[in-house]
Amino acid sequence: MKHVLLGASGVGTSVFALGTATFGDSTDEAEAGRALDVFVDSGGLLVDTADGYTGGRAEEIVGRWFSKQPAEIRGRVLIATKGGGYTTSAAMNEWGNTRHNLTRALDTSLTKLGVDSIPLYQVHAWDPLTPLEETLTFLDSAVRQGKIQYIGVSNFTGWQLQKAVDLAKALGLIGPVVYQAQYSLLCREVEWEIIAAGLANDLGLLAWSPLSGGLLTGKYSAHTRPEGSRFGEHLDRGMMHDNYVAALYSTHVARDRTWEVLKILHDIAVTRNVTPAVVALAWVAARPGVSCVVLGARNSEQVASNLAARDLTLDDDEVARLTEASDPCPSGYPYGDFGAALRSRLLQ
């Protein structure tokens, strides 16, 4: 497993992280334990969870698994969790990035995970109602108390990410070292502002949903849908709109671009004797600014299969084909060729 720095910190982590959003739902505890074992045995270091995953059951499963590990593994595995949003059946004051809610959320996560300190604690989403100063002050205090070690943010836009960095510096507070965003061959709009802001501030990107919720696994084609497919008939319209996807995914890719990307993935996979998913993961892992690619998997077999991406380095031609086919093709302004020309300057 290739190891890199965890964003703007000196901590080492694996380039692939294991996501746990299915733990306690489609992945039962026994299978979750096997998935965690496969991941760690393969050199994985970062396990990513959240207080809102499956109503808190994911944190409990991770915590029980972690408590059974020998000291050597407990010393090197980094547990990351999130708070502030996406909790189920949340009461009025059990939501958002307020000091009140984050105090409750962090203490609950510490208990469920069975640890005294969480290596990476992230706010799960931007809160338009809570002053950012309040959120950052709480996180700074939690670091100084030893409850968390590093700070991250998740699902922020570019201006929100930049504001968090700038405000932390202006107030003399400990700021974020990483941010999470959805990033895949079918979700590249984050490159326009969000990744640019991350690169400008040396923050690491933890890319979630790198397989677009399974669309890039090779199970789908223009003429084939797996039985019981999550996307079903909505793929025929080039959209992903069932309840789960509508809540979490915003690719909304045009049909022709989707199938062209899938075709190229298949062609490269056949040539390289790997799965299309491995090719898609290798593409994300090599993108500028990416620290970790968060693998979501329902079972240990999927974890093992997807981790084959650690051994694949795409050549320049393969990268170019995938990058060209997956280009979201923005209009001329502000992110297309005309807008880019206004932001460029060359010395002749």
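**Salt bridges**

I began with the salt bridges, taking each as a side-chain nitrogen of Lys or Arg within 4 Å of a carboxyl oxygen of Asp or Glu, and the structure holds 11 of them. I note that this is a predicted model, in which local features need pLDDT of at least 70 and side-chain atom pairs count only at pLDDT 80 or more, while totals for chains, interfaces and linings use all residues. Residues are numbered from 1 along each chain as its sequence is written, and side-chain values use heavy atoms, with hydrogens and water left out.

I looked up Glu-29 and found that it forms a salt bridge with Arg-64, with 2.8 Å between the closest N and O atoms. This pair links distant parts of the chain, as Glu-29 belongs to helix α1 (residues 29-41) and Arg-64 to helix α2 (residues 57-67), 35 residues apart. For the helices (H or I, at least four residues) and the strands (E, at least two) I use DSSP runs, numbered from the N terminus. For burial I use relative accessible area, where buried means under 20%, exposed means over 50%, and partly exposed lies in between (1.4 Å probe, protein chains only). On that scale Glu-29 is partly exposed at 33%, and Arg-64 is partly exposed at 37%.

Next I took Arg-34, whose side chain meets that of Glu-31 in a salt bridge of 2.7 Å, N to O. Both residues lie in helix α1, 3 residues apart, which is about one turn of the helix. I recorded Arg-34 as partly exposed, with a relative accessible area of 42%, whereas Glu-31 is buried at 13%.

I then turned to Arg-188, which forms a salt bridge with Glu-191, the closest N and O atoms being 3.0 Å apart. Arg-188 is buried at 6% relative accessible area, while Glu-191 counts as partly exposed at 23%. I also noted that Arg-188, Glu-191 and Arg-287 are linked in a network of salt bridges.

**The chain as a whole**

I counted the elements next, and the protein chain has 13 helices and 10 strands. Of its 348 residues, 53% are buried. Taking a contact as heavy atoms within 4.5 Å, I noted that among contacts with a separation of 6 or more, 75% are between residues 24 or more positions apart. The accessible surface, from the Shrake-Rupley method with a 1.4 Å probe (for residues, only the protein chains shown count as cover), comes to about 15,800 Å², and 52% of this belongs to carbon and sulfur atoms.

**Helix α10**

I asked how much of helix α10 (residues 276-285) is buried, and found that 10 of its 10 residues are, so the helix is largely enclosed by the rest of the structure. The buried residues include Pro-276, Leu-281 and Trp-283. What covers the buried residues of α10 includes the strands β3 (16-19), β9 (204-208) and β10 (290-296), together with the helices α9 (255-272), α11 (300-306) and α12.

I found Asn-97 in the loop between β5 (78-83) and α4 (99-113), where it is buried with a relative accessible area of 3%. Leaving aside residues up to four places away in sequence, Asn-97 touches several residues, among them Gly-83, Gly-84, Leu-102, Trp-126 and Asp-127.

Arg-104 has its place in helix α4 and counts as partly exposed at 29% relative accessibility. I also noted a separation of 9.8 Å between the C-alpha atoms of Arg-104 and Asn-93, which are 11 residues apart along the chain.

**Surface patches**

Lys and Arg count as positive and Asp and Glu as negative, with His and the chain ends not counted, and the place of a charge is taken as NZ of Lys, CZ of Arg, CG of Asp or CD of Glu.

A negative patch is formed by Asp-256, Glu-260, Glu-324, Asp-327 and Asp-337. Asp-327 is found in the loop between α12 (316-325) and α13 (337-342), and is partly exposed at 32%.

A nonpolar patch of about 380 Å² is made by Tyr-333, Phe-338 and Leu-342. I placed Tyr-333 in the loop between α12 and α13, and recorded it as exposed, with a relative accessible area of 55%.

Definitions and conventions
Patches are made of residues with over 30% relative accessible area and no salt bridge: like charges are joined within 9 Å, nonpolar side chains (Val, Leu, Ile, Met, Phe, Trp, Tyr) within 5 Å.
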